[in-house]
Amino acid sequence: SEPETRDGFLSTGYPKLDASLNGGLPVSGVHLIEIDPEVDSLQTQVIPASILTRYAKHGNGCIWIPNQMIPRLNSEHAQVPFLDNEDFEKQLKIFRSLVPSGSTSRDAIKDAGKDLSYDLRVEKISYYLDGMAKPYLYLLDLSALESLYGEQFIDQLFFLIGTTSNRGDTFILVGPPESPSMKRLQEQATTHIKLEQVHGTTILY
């Protein structure tokens, strides 16, 4: 089943931004969200939360790797307030910790750190998201990926995207302007959205 779309687009949660994008973010694309660190944290959550909600409510599987530096006390569920507990637990697979094999943690990428395309390979994700509808959503924090895999993760990421192309998955990449991988991703992204803080005002474009 397809996530809620308008002519093949996903809403960003900002109607004016959706209008400027001719309907929202294209489904099955690679979308880059560049966020100024000065922007209020609640505002930075609107676009990812909107897209996660639409996928999960339609039964589509979601992989979420958030910023690993955000304390667990800042509940991920609080960042996606429109999902009830059942949908949140069932549809979203959140990888918060990166731990060695043998761990029983439900939110860990075991033995991670060498190759992103291997750690998130199709058969592994299909196991994690067993029973959930396709296409899938990948919401990935660039700071988390860079700290684990280094800058070479970009080549691994695009290899991963290629292996999922027949499924039509959507990739949302979130990071700050100073991220080492930002420039290269700008050249490859289907859509590039920026949130900036200018003289106390948040600008979205």
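Author: What follows goes from the sheet to its helices and then to the core.

This is a predicted model, in which local features need pLDDT of at least 70 and side-chain atom pairs count only at pLDDT 80 or more, while totals for chains, interfaces and linings use all residues. Residues are numbered from 1 along each chain as its sequence is written, and side-chain values use heavy atoms, with hydrogens and water left out.

The chain holds ten helices and nine strands, where helices (H or I, at least four residues) and strands (E, at least two) are DSSP runs numbered from the N terminus. Seven strands form an open sheet of mixed pairing, in the order 5-4-6-7-3-8-9; two strands are taken to pair if DSSP finds at least two bridges between them. Strand 5 (92–94) and strand 9 (201–204) are the edge strands, each pairing on one side only. From one strand to the next the twist averages 15 degrees, with axes being lines fitted to C-alpha atoms, for helices over the stretch in contact, and angles running from 0 to 180 degrees between N-to-C directions.

Strand 4 (60–65) pairs in the parallel sense with strand 5 over three bridges, and Trp 64 stands opposite Ile 94 there. Strand 4 is also joined to strand 6 by five bridges, again in parallel, and Ile 63 has Tyr 138 of strand 6 as its bridge partner. Six of the six residues of strand 4 are buried, the term meaning under 20% relative accessible area, as against exposed at over 50% and partly exposed in between (1.4 Å probe, protein chains only). In a regular strand the side chains alternate between the two faces of the sheet. Asn 60, Cys 62 and Trp 64 point one way from strand 4, whereas Gly 61, Ile 63 and Ile 65 point the other way, and all are buried. Further along the sheet, strand 3 and strand 7 run parallel and are joined by five bridges, with Leu 32 opposite Leu 173 in strand 7.

Helix 9 lies across strand 3, strand 6 and strand 7, and runs at about 160 degrees to strand 7. The buried residues of helix 9 are Phe 153, Ile 154, Gln 156, Leu 157, Leu 160 and Ile 161. They are on the same side of helix 9 because they cover an arc of only 160 degrees around the axis, the arc being that of the directions from the helix axis to the C-beta atoms. Their packing partners are strand 3, helix 6 (116–119), strand 6, helix 8, strand 7 and helix 10.

The largest nonpolar core has 28 residues, and those with the most contacts inside it are Tyr 138 and Leu 157; such a core is a set of buried Ala, Val, Leu, Ile, Met, Phe, Trp, Tyr and Cys residues joined through side-chain atoms within 4.5 Å. Among the elements that give two or more residues to this core are strand 3 (30–35), strand 6 (133–141), helix 8 (142–149) and strand 7 (170–175), and helix 9 gives the most, with five residues. Leaving aside its neighbours within four places in sequence, Leu 157 is in contact with Leu 116, Leu 140, Phe 171, Leu 173 and Leu 185. Apart from this core lies another, of 22 residues, among them Leu 10, Val 39, Leu 139 and Leu 195.

The count of aromatic pairs comes to two, rings of Phe, Tyr and Trp (its six-membered ring) being paired if their centres lie within 6.5 Å, with planes under 30 degrees apart counted as stacked, over 60 as edge-to-face and the rest as tilted. Tyr 138 and Phe 171 form a stacked pair, at 4.4 Å centre to centre and 5 degrees between the planes. This pair links distant parts of the chain, Tyr 138 in strand 6 and Phe 171 in strand 7, 33 residues apart. Tyr 138 counts as buried because its relative accessibility is 0%, and Phe 171 does so at 1%. Strand 6 also contains Pro 135, which a cis peptide bond joins to Lys 134, with omega about 5 degrees.

Terms used. Contact means heavy atoms within 4.5 Å.
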